[in-house]
Amino acid sequence: MDIIKHEEPKGLSVPCRALTEEMMNTQIAHLTHTLEVMLAVKDNKENEKKIRWLFDEIKRSAWGLSVSQIIEGFKLYVDGKLSYNGSLLEPMSGYLDTILFKKVVQAYKEHKGPQIDTKQVVLDIYHRWVQTKDVGLKNGPIVFDYLYDNGLLPKRGSDAKVDRVYEKRMTGAKGLLMAPIFDKCAWMEREDLADTPKYREIKQELQKIKNGDHPDINKVFKTNVVKGFFEKLQRPLTDII
């Protein structure tokens, strides 16, 4: 019997960390419904509260897994095929809370480990871009690395023109990061706050960007390269990879 009585959302194979907030909320709602049916969780106020807690717990302990993997993990749990701390994780009907969820996730990771389909992740991010024209800062590096490693983006050092384009993108990334910090510095100076620890902290961050040491530079750089790549595509990415 099919336990899912409603339409499945798209992108269930995408790791939660690569989802937009809206997609994640939709998928978690689908997951909680599926688990309620699978575990025969009764519809009462106490369990409703536990399900709400589950939303946050997924973000804490299953960020690298996809919803389809979490469901697979619970299927293994129901079948009595998961162990936790060296002992069988005995299935319990009608029960679900954050402690059980964390145990099942950990046991699943040890049993099988997350098998991420990077190509599918990239395609899902591309489909999101087609709809919203937004790649997402956390998603840009995922797509960039895949395209770069598979020869769809030119390699650094392969051509002087390529290097100039990459350098221009890197300069643009620094500029995007520096602009709001310049504005904040200017505001603090106008408010006579230039001698505060916060102002000095902001100036240090600005210097890190100038030096190329800021951790977000590569994220912005890769995301901008990916956006440029998507904009210049003559055919859908699904026809290329």
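Which residues in α3 meet which residues in α4? The model before us is a predicted one, and in it the α3 side of this contact is made up of Gln69, Ile70, Glu72, Gly73, Phe74, Leu76 and Tyr77. Their partners in α4 are Leu100, Phe101, Val104, Tyr108 and His111. By class, the contact of α3 with α4 has 8 nonpolar, 3 polar and 1 charged residues.

Two packed helices are described by the angle between their axes and by the distance between the axes. For helix α3, residues 67–78, and helix α4, residues 98–111, the axes come within 9 Å and the crossing angle is roughly 95 degrees. Because angles of 65 to 115 degrees count as roughly perpendicular, α3 is roughly perpendicular to α4.

Let me turn to a second pair. Helix α6 covers residues 140–149 and helix α9 covers residues 217–232; their axes come within 8 Å and cross at roughly 65 degrees. These two helices are therefore also described as roughly perpendicular to each other, and their crossing is left-handed. From α6, the contact draws on Gly140, Pro141, Val143, Phe144, Asp145 and Leu147. From α9, the residues include Phe221, Val225, Val226, Phe229 and Phe230, together with Lys219, Lys222 and Thr223. The contact of α6 with α9 divides into 9 nonpolar, 2 polar and 3 charged residues.

Helix α6 also packs on α5, with axes that come within 10 Å and cross at roughly 120 degrees. The pair is therefore oblique, and the crossing of α5 and α6 is left-handed. Here Thr118, Lys119, Val121, Val122 and Ile125 of α5 meet Ile142, Val143 and Tyr146 of α6. The residues in this contact are 6 nonpolar, 1 polar and 1 charged.

What volume does the largest pocket have? The value is about 390 Å³. The pocket is lined by 13 residues, of which Lys10, Thr20, Met23, Arg128 and Gln131 are the closest to its centre. The lining comprises 2 nonpolar, 7 polar and 4 charged residues.

The second largest pocket has a volume of about 270 Å³. Its lining consists of Leu152, Leu153, Pro154, Val162, Val165, Tyr166, Arg169, Val225, Gly228, Phe229 and Lys232. The elements that give two or more residues here are α7 (160–190) and α9. By class, this lining has 8 nonpolar, 1 polar and 2 charged residues.

Finally, the structure holds 1 cavity of 30 Å³ or more. The volume of the largest cavity is about 50 Å³. Val14, Ala18, Leu19, Thr20, Met23, Asp124, Ile125, Arg128 and Asn139 line this cavity, and the largest share, 3 residues, comes from α5. The classes are 5 nonpolar, 2 polar and 2 charged.

Key
Residues numbered from 1 in each chain as written. Predicted model: local features only at pLDDT ≥ 70, side-chain atom pairs only at ≥ 80, totals over all residues. Heavy atoms only, no water. Axes fitted to C-alpha atoms, helices over the stretch in contact; angles between N-to-C directions. Helix = DSSP H or I, 4+ residues; strand = E, 2+ residues; numbered from the N terminus. Parallel < 35°, antiparallel > 145°, perpendicular 65-115°, else oblique. Contact = heavy atoms within 4.5 Å. Nonpolar A, V, L, I, M, F, W, Y, C, P; charged D, E, K, R; others polar. Left-handed = near helix turned anticlockwise from the far one by under 90°. 1 Å grid on protein atoms, 1.4 Å probe; cavity = no way out; pocket = protein on both sides within 12 Å on 5 of 7 lines; lining within 4 Å. Points joined across faces, edges and corners; volume = space filled by probe spheres on them.
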